[in-house]
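Dear colleague,

I am passing on the structure below, together with notes on what was found in it.

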Amino acid sequence: MRLGEVLGSWPLVKQLREGDPLGLGKAAQSGASVRLQPRIASADTVAQSICPFCAVGCAQLAYVKDGKVIQVEGDPASPISRGRLCPKGAASKNMHDGPLREYKVKYRRPYGTHWEELELDQAMDMIADRIVETRNATWQETTEDGAPAHRTLGIGNLGGATLDNEENYLMKKLLTALGIVQVENQARI
Amino acid sequence: MTDLAQPTGSPAAWPDTYGDEAKPRMGFFTDTSICIGCKACEVACKEWNLIPEDGLVWTGESYDNTSSLNANTWRHVTFVEQRKQMHLDPIDVESGDVATATREGGPQPLRWLMESDVCKHCTHAGCLDVCPTGALFRTEFGTVVVQEDVCNGCGYCVPACPFGVIDRRHLPRQAEDAPLLMDLLGKKEDGRVWKCTLCYDRLKGGHEPACAKACPTNSIQFGELDELRERAGKRLEKLQAERWNGARLYGHDAGDGVGGFGAFFLLLDEPEVYGLPPDPVVPTAHLPRLWKSTALAAAAMFVGLAAAFVGGGE
Amino acid sequence: MTDRRAIDEHRSMENGRPGGTTPWRGSITELGTQMDSYYGRPIVKEPVWAPEVPFYFWTGGIAGAASVLHGLARLSRNHELAKRALVVGAIADTASPLLLIMDLGRPERFLHMMRMFKVTSPMSVGSWILLVSGGASNTAAALELLDPLPVVHKLRPVKWLAELVSFLAGPPLATYTGALIANTAIPVWSEARDELPWLFGASAASSAGAAIAMVTAPEHAGPARRAAVGGSAAALALTFAMEKRLGFVGEVYKEGDARRYGRIAKAATAAGAGLIALRGGRSRAATVLGGALVLGGELALRWSVFRAGFQSAADPKYTVVPQKQRVAERGGGSST
Amino acid sequence: MPGLGTSFGRGGATDHQQDLQNADVITIMGSNMAENHPVGFQWVMEARERGATVVHVDPRFTRTSAMATKHVGIRAGTDIAYLGGIVNYILSNDRHFEEYVKHFTNARVIVGEPFADTEDADGLFSGWDPEQSEYDVTTWQYDGTKVHAAAGKRGKGFAPGEGETEPGGGEPPAEDWTLQDPRCVFQILKRHYARYTPERVAEICGCSVEDFLWHCEELCRNSGRERTGSICYAVGWTQHTVGVQIIRTAAIIQLLLGNIGRPGGMILALRGHASIQGSTDIPTLYDLLPGYLTHPQTKDYGSLAAYVRATTPSNGFYGNADAYMVSLMKAWWGPNATEENDWCFDYLPRVDEDNSVYWTVGQMLEGNVKGYIIAGENPAIGSANGRAQRLALGRLEWLVVRDLVEIESASFWYDSPEVESGEVSPETIGTEVFFMPASSHLEKDGSFTNTQRLLQWHFRAVEPREDARSELWFYYQLGKKIQERLKDSEDPKDRPIQQLRWNYPTSGELEEPSAEAVLQEINGWDDRGQALASYTLLKADGSTSCGCWIYCGVYAGGTNMAARRVPHWEQAYVALQWGWAWPSNRHLIYNRASADPEGKPWSERKRLVWWDSEQAKWVGYDTPDFEADKPPSFRPQPDAHGPDAIGGDKPFIMQADGLGWLYAPQGLVDGPLPTHYEPHESPFDNPLYDQRANPARLQNDLAEDPSNPVAGEGGSDEYPYVVTTYRLTEHHTAGGMTRFTPYLSELQPQMFVEVHPDLAAERGLEHGGWATIVTARSAIEARVMVTDRMRPVTVAGKVHHQVGLPYHWGQRGLTTGGAANDLAHMTIEPNVNIQEVKAFTCDIRPGRRPRGPKLTELVAGKRAAAYAKRDGAERAEPESERWT
């Protein structure tokens, strides 16, 4: 770079040359500020989503770059939320990649005093085994007074209000077929 | 500079220094009469601007645990509970007389003020004027922004803000390439000053600021300042017709001590109740006179010292 | 923050927010009804400046006034005095920028001070003055000390020029710091805008005079002694005048650090100046003792003013009351 | 759900949130909408700006109250008294919308002789059986016929094979259009609420007569042809031992004022979880099958058809329930479900009267439940009586917890108040715990059903990291593994698993099943595999398959309607092209009622759906919730069944009689009409009747769940204050998604208790200090917030204080604190088995709670003192059914 250019890029010189004597405006603007763009402009993809907290059902847009969510904000097109979010909805990304989010299976053996590591697939096998065993051990074909039962009261399942309809459907379908009837969530309204 | 002495309502370096690049002056109108105090603005701001968490301190000051605008909080929702009527006299919603019950031995009057405070983006901004490095500057949108790549943390802007908005960040500095050999001089703290940028980057991309976009009830309104001022005037008339207790505009007047705010408010009580100065004046309004007096003082010192040489022999 | 320890560390960090539970003990609604500032929290922020700053005000003052004394001494052919004044000034001029850089949040960026020149910013103007004055006085001092070497003789014109520049930069260097703090929203500084540059100027004269007198033989140090005594008298007078005129806003000088340092300043300055005035002409020891007292007094003065600013920001009443008075005088509802 | 379901026919909110902007008066009660549904609240603000009156009735002055035209403070748990007073005001001043009431409600229907009202039996309805401590609901039936409700406990009063009696035509045989017959619903209603006078209301609820009358007048003056009003509620109503009946009272008001089915006229049930509506539509609930079909009980119905008859109305659209049911069985067991094997009806396990979550907790405590899976819920602090919940988890053999973070339900075995107090320790807890990291909503495809019955699709933004997986993945892969293990079994009990349709396309390395494929199965298809467009196409002959009949049409034409996102500015305000609302994309249900009996709009201002005689069909801004071509003049044949049995002037097409039910002859177990009862725990007697609390409420005998002594018993003075628990804007439910999130934790960083200054003075509490709140179950500590917002109420001339407790905190997360639910009891509402956490009694004292064993001592000591004072036995004989 030639000296002239160096001097020319010196805000002090700009200030005098470019009509900003007080140096309060453009002369003070740094190169980075000139080039500044919103980071969502650099997103690879934008996923249409829905807020996971309450049931108002605010529409969200999730901006993704290099396989990471870089921003979540309201979708103005929604007739319900019109792009607006409450503090929880606005914190969706903070919840999604929060400091205490867990990513590994944790196992605690009976009477154990600490968590142990466990491979996901092994955990799935162990859970499947537990369900089959407990179901066999607690199966009830009929009630004491001979009424049909076809069920186990030895296993229960709790949850659903925060899950997707499709997830609830598979949950209900599988557990009903297994004869597990204590399928509940707190949607008791 | 003299125009600083008599506020003109138009920023000193805008739009002229930007020529064709100049954009209409953008700002906020925060209408506290429809603020539900949800703090979505605080969170949306932090998410967008990647601002660090500001500490987990329960204050007991109603529902406000953020306490103030500072380097790590650029939107701050204030909460004030009062034994006051929301509306002065009977308001006439066709027949509904709000005050009746209260007058006839109903419950104590009670209202809960909530207001989302933010940098005022003053027409004449103390922080901007006193910044020695030009880190603070007036953007093409007429807003006041700190450039994190320039600020050297001299801290002059902090006491220069009549609203106590801008502040130095004391949290640990994030890894970033410091200039060659300058690491020796580096400090552990971030050390730079931060405040609302009115989402300068979003504006450049044609998006509205994060807080205004998130605001569920549109209490935070973003737009061209002139249009906002007009809207605010109409809004005040409506509220006064409805006898809202203490409704007033704050910072919309181009004739005030900072030449009007770029982000102004509709309040329901005196400004100081919300932690706002009743009559803010930009420090540099007095600067011309101050410079004169400084020059005189300098001269006086010179004369005084000279006097020390005359008389007294040796 | 991934574990509680980190959180607790963070919580304990002084990160710009007053924090803590409000001391109120009644219904928070009652407080909200009667409060005339938001839970008593500050409106304007306390400065973030560290102790380097008042020390700089002091060294900067010494540097500025010393350059002037040096120049005047040259004119009055008092080369003994001039030489010592030049060195004292140069030392102060070297300490000053170091103190300023140490105070920066990003010291490695000190050069950004030279990025622009802003008349609206006393700190910007001051930085340039300091650059010029410091450069000049140090050049002059270096050449003065190297003068015995014949090679340096060729550079005498440079030396004279440097001395001239430092001479001219002296007065503004000694006084601009008053303008710097007066040009803020801190009530006790801003309201004192008519006194502070004068006060700092006087203080500079007295402390420079004292410093130079201490290192100069009494027979040559007359002007320095007179500068110390006169400056001290002026500084004391201006302090009283300022505190009196400030009235309500000036009450912070009756509280805490501002009061403590203020009393030290007045006592030490008066005692030191008196000692120099009465005995300085004859006794070197008296000059050294008196000079030290004056220097200490002037440093305490800067500290008193510095701390007063913090106290003035911490209590919102100093911001609210005068402003409400203004509004009342204008006879208007506040900015509606 | 049954509150709305028995009244109108469907358990969902009757309208969409945006329509609130068209309301002339909005009553928010049992809800803190501004705080818990802030973005939905924008529509209330729109209405307010348009001049609508907004009234907030609540024990606390909240951020909602701050926005309302007026806040009316009442005593927690007195909602029915307040609403009943409004009913009385309407009826005694003839302010009801007469034409609407006559034509669209069952006001004119004559009720059978056996019915006796609470007025006659001092707080009990006819049919009360003190032995069983439950009602014989058949005594509440219409005169000359026996109808089914469209929701609620529908088997009740019907023998396994028995169906509705058949005069046919769905027309109740006995009616009086003059509404004068003393046994017609209208007159019964009048008599039932006669004693709910304004003075009585003020005395019970502790509000001022003036405020109450002002509210009544606002409601009445905004009813009729030109104006409408809306009511918004949430769990502030449901979480009571009379929760369903509170909602019923609101339904009665809205029917009398002629608001239901009309623009700006609704009951908006504000759900608190993203898919809480969806999780009842596709129920993860023990007593329901998808689409609100009753889950068969341990009775011998004989056949699927007989079971359908015994559990659903034969008229209206439930008349086709056999088609919905058979299609469901086809969706689950596909080709294996045949007419010959009665569509695998016997594959369905049978449920008892009560297998609800609280019953299960009792079973866990007694060691009868061995295994438990928790997915996205946190019972350890989110359910009533946290201590009992945690002890119950500790008595399982194995437990699976799926969540984003390590919630209290996963860490109970080493980090809980019981571990701290030394009651239990890891060494004494035998539960094997699997913590499985879950996917966030940004890591999976799927649909949520929001509070207005709108299905909205969300797309995966990124892949989940490491072991994190969706529930879709978990249950699908789990099913695969179980099928694998049982594939060779000869045991008939394994056949339902072996034959289960369980093949969904998967994708990616994670083998995530396709949510869209699941949605297609939910929507259903015909015998040619074509996606069905509407539930009206479902058949009982096995030719159609449908996983949830009310969702049929969400995949109409092979497109995912839930994923539609036509911007609101490109369509009318009803926004029919955004997502998809059940049923059949109808946003304002029962909208036939927006037109008068002749099919003409009641007024231009409130026009929505009307009969166009030219085109001979119903037209308007919304999808008509009515057979499009059924004219207003249509009258059913005497022997008609199903939809054909519903006249052209009957908007409530799910109901047996097509009418809005002011009086519910069936479906509810605790009364056909709402009646004020005190909460299970209350310091007050019932001023209306000797019957203090809901007689049908379900209590238990668990040692872990003792009750505080109540009014009338000695020792109630040990727990003199009423607690109400709630959420804050800044947190979500038990905090699993927010207490672990920095940006939200810093906004509300600590558990606190809200009290009025007078109570603070009474108990020596200091603002900013600490307080300990004690019940017979437990004690927790909280920072004290002294505020006028906790308005005291004057009940029966005596000032009464209430204590406010947010329930977001627990042991884990960035901010921790006492869990309010630890204080609550497990006595539950009889229709939906929900806990009563909005009103129970407590004591509050200054200072932090004792640590270690001293905590147990404090609670037990106080309980012993209270019980000692209690007359007679250690524990008074319970007056109602017990579920253990």
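How many bridges join strand β6 (residues 229-233) of chain D to β7(D), and do these strands run parallel or antiparallel? There are 4 bridges between β6(D) and β7(D), and the two strands run parallel; here helices (H or I, at least four residues) and strands (E, at least two) are DSSP runs numbered from the N terminus, and two strands pair if DSSP finds at least two bridges between them.

Before going further, please note that this is a predicted model, in which local features need pLDDT of at least 70 and side-chain atom pairs count only at pLDDT 80 or more, while totals for chains, interfaces and linings use all residues. Residues are numbered from 1 along each chain as its sequence is written, chains are lettered from A and ligands numbered from 1 in the order in which they are written, and side-chain values use heavy atoms, with hydrogens and water left out.

To stay with strand β7 (residues 266-269) of chain D, D:M266 is the bridge partner of D:S230. D:M266 and D:L268 point one way from β7(D), whereas D:I267 and D:A269 point the other way, and all are buried, where buried means under 20% relative accessible area, exposed over 50% and partly exposed in between (1.4 Å probe, protein chains only). In a regular strand the side chains alternate between the two faces of the sheet.

Chain D also has an open sheet of 3 strands in the order β13-β14-β17, with antiparallel pairing. Its edge strands are β13 (446-449) and β17 (580-581), each of which pairs on one side only. Strand β14 (residues 454-458) of chain D is joined to β17(D) by 2 bridges, and D:L454 has D:A581 as its bridge partner in β17(D).

Helix α25 (residues 853-869) of chain D has 17 residues and reaches 25 Å from its first C-alpha to its last, close to the 24 Å expected at 1.5 Å a residue, the expected span being 1.5 Å times one less than the number of residues. Among its buried residues are D:L855, D:L858 and D:V859. Seen down the axis of α25(D), the buried residues fall within an arc of 150 degrees, so they line one face of the helix; the arc is that of the directions from the helix axis to the C-beta atoms. The face turned away from the buried side of α25(D) carries the exposed residues D:P853, D:K854, D:E857 and D:A868. The cover over its buried residues includes β22 (770-774), β23 (779-786) and β27 (840-846) of chain D, with contact meaning heavy atoms within 4.5 Å.

The loop between β26 (802-806) and β27 of chain D holds D:M826, which counts as buried because its relative accessibility is 0%.

In α7(A), 13 of the 13 residues are buried, and the helix is followed by A:G179, whose phi is positive, near 85 degrees.

Finally, 31 residues of chain A are in contact with 36 residues of chain B. These two chains bury about 2,700 Å² between them, 57% of it on carbon and sulfur atoms, where buried area is the accessible area (1.4 Å probe) that two parts lose on being put together, summed over both. On the chain A side, A:L24, A:K26 and A:R84 lose the most area to chain B, together 23% of what that side buries.

With best wishes
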